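Me: I'd like to learn how to read this model feature by feature. Could you walk me through it?

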Amino acid sequence: MIMMVCANQREYMVYDEEDGDESVLLRRVSGGHQEEITVMTYDFHLSLVATGCINGEITLYDFEMSKVVGLLLAHSSAVTSIQFMSPYPLLASSSLDRTICIWGVRPIPIKYLNVCLRRYRNISWNYQQDVECAATRLLVWHEQSSAGI
């Protein structure tokens with residue numbers, strides 16, 4: 001079993017948890033952010049790690065090589081949630097700037113790679129008025145029909 005942890009401001013660590021008594025540090029990964037990491041997610045299918053930062057940046061890393069493969073810039077405030085939309089090469093993100101972005105990630109065609117493909121403004125309705133609010137969690141799902149997706 002592998003465990004990934006953001007324990008300090010600008011890096012994440014990968015541990016081997018096979019031995020129940022002792023965690024083994026496999027690697028430290030840094031270089032993607034100049035400010036504090038706020039969220040992190042991993043997709044086994046795409047072999048990508050994504051980290052969101054307090055300044056609105058999202059960094060993509062190749063999991064096997066531990067190298068930065070993309071920088072996503074569209075949010076103007078802290079990233080509050082990120083989620084891969086597996087099995088599709090897409091990533092959803094939300095921010096305190098009250099927006100949700102859908103990003104193209106590898107292996108998507110190059111013209112869509114690391115691009116915010118769709119941007120939504122997060123507005124909640126409370127019967128009396130529209131209230132702007134920031135999303136703190138994203139839930140991503142898909143339904144597969146007998147005809148496929």
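Me: In what order do the 4 strands of the open sheet stand?
Reply: Strands are DSSP runs of E of at least two residues, numbered from the N terminus, and two of them pair if DSSP finds at least two bridges between them. Here the order is β4-β5-β6-β7, an open sheet with antiparallel pairing. β4 and β7 are the edge strands with a single partner each, so one side of each has no neighbour in the sheet. From one strand to the next the twist averages 20°, with axes taken as lines fitted to C-alpha atoms and angles running from 0 to 180 degrees between N-to-C directions. A word on the source: this is a predicted model, in which local features need pLDDT of at least 70 and side-chain atom pairs count only at pLDDT 80 or more, while totals for chains, interfaces and linings use all residues. Residues are numbered from 1 along each chain as its sequence is written, and side-chain values use heavy atoms, leaving out hydrogens and water.

Me: How many bridges join β4 to β5, and how many join β5 to β6?
Reply: There are 6 bridges between the antiparallel strands β4 and β5, and 5 between β5 and β6, also antiparallel. Gly-52 in β5 is the bridge partner of Val-39, and Gly-52 also stands opposite Ile-58 in β6. Thr-51 faces Thr-59 of β6.

Me: Which residues take a positive phi in the hairpins?
Reply: In the hairpin of β4 and β5, with 4 residues between the strands, Ser-47 has a positive phi near 55°. In the hairpin of β5 and β6, with 3 residues between the strands, Gly-56 has a positive phi near 95°.

Me: Is strand β5 mostly covered or mostly open?
Reply: Start with the scale: buried means under 20% relative accessible area, exposed over 50%, and partly exposed in between, using a 1.4 Å probe and protein chains only. Strand β5 (residues 48-53) is mostly covered, with 6 of its 6 residues buried. Both faces take part: Leu-48, Ala-50 and Gly-52 are buried on one side, and Val-49, Thr-51 and Cys-53 on the other.

Me: Which residues of the largest nonpolar core touch the most other members?
Reply: A nonpolar core is a set of buried Ala, Val, Leu, Ile, Met, Phe, Trp, Tyr and Cys residues joined through side-chain atoms within 4.5 Å. The largest one has 14 residues, and those touching the most other members are Ala-50, Ile-58, Leu-60, Ile-82, Phe-84, Leu-91 and Val-105. Two or more residues each come from β5, β6, β8 (79-84) and β10 (99-104), and β8 gives the largest share, 3 residues. A second, separate core has 6 residues, including Tyr-12, Val-14, Val-29 and Val-49.

Me: What is Ala-50 in contact with, leaving aside its neighbours within four places in sequence?
Reply: Contact means heavy atoms within 4.5 Å. With those neighbours set aside, the contacts of Ala-50 include Val-39, Met-40, Thr-41, Ile-58, Thr-59 and Leu-60, as well as Ile-82, Phe-84 and Leu-91.

Me: How many aromatic pairs are there?
Reply: A pair of aromatic rings is described by the distance of the centres and the angle of the planes. Rings of Phe, Tyr and Trp (its six-membered ring) pair if their centres lie within 6.5 Å; planes under 30 degrees apart count as stacked, over 60 as edge-to-face and the rest as tilted. By this rule there are 2 aromatic pairs. Tyr-12 and Tyr-61 are edge-to-face, 5.2 Å centre to centre with 75° between the planes. Tyr-12 belongs to strand β2 (residues 11-16) and Tyr-61 to strand β6 (residues 57-62), so the pair ties together parts 49 residues apart in sequence. Tyr-12 is buried at 1% relative accessibility, and Tyr-61 is buried at 0%. Tyr-42 and Phe-63 form a tilted pair, 4.9 Å centre to centre with 55° between the planes. Tyr-42 is in strand β4 (residues 37-43) and Phe-63 in the loop between β6 and β7 (67-73), so this pair ties together parts 21 residues apart in sequence. Tyr-42 is partly exposed at 30%, whereas Phe-63 is buried at 9%.
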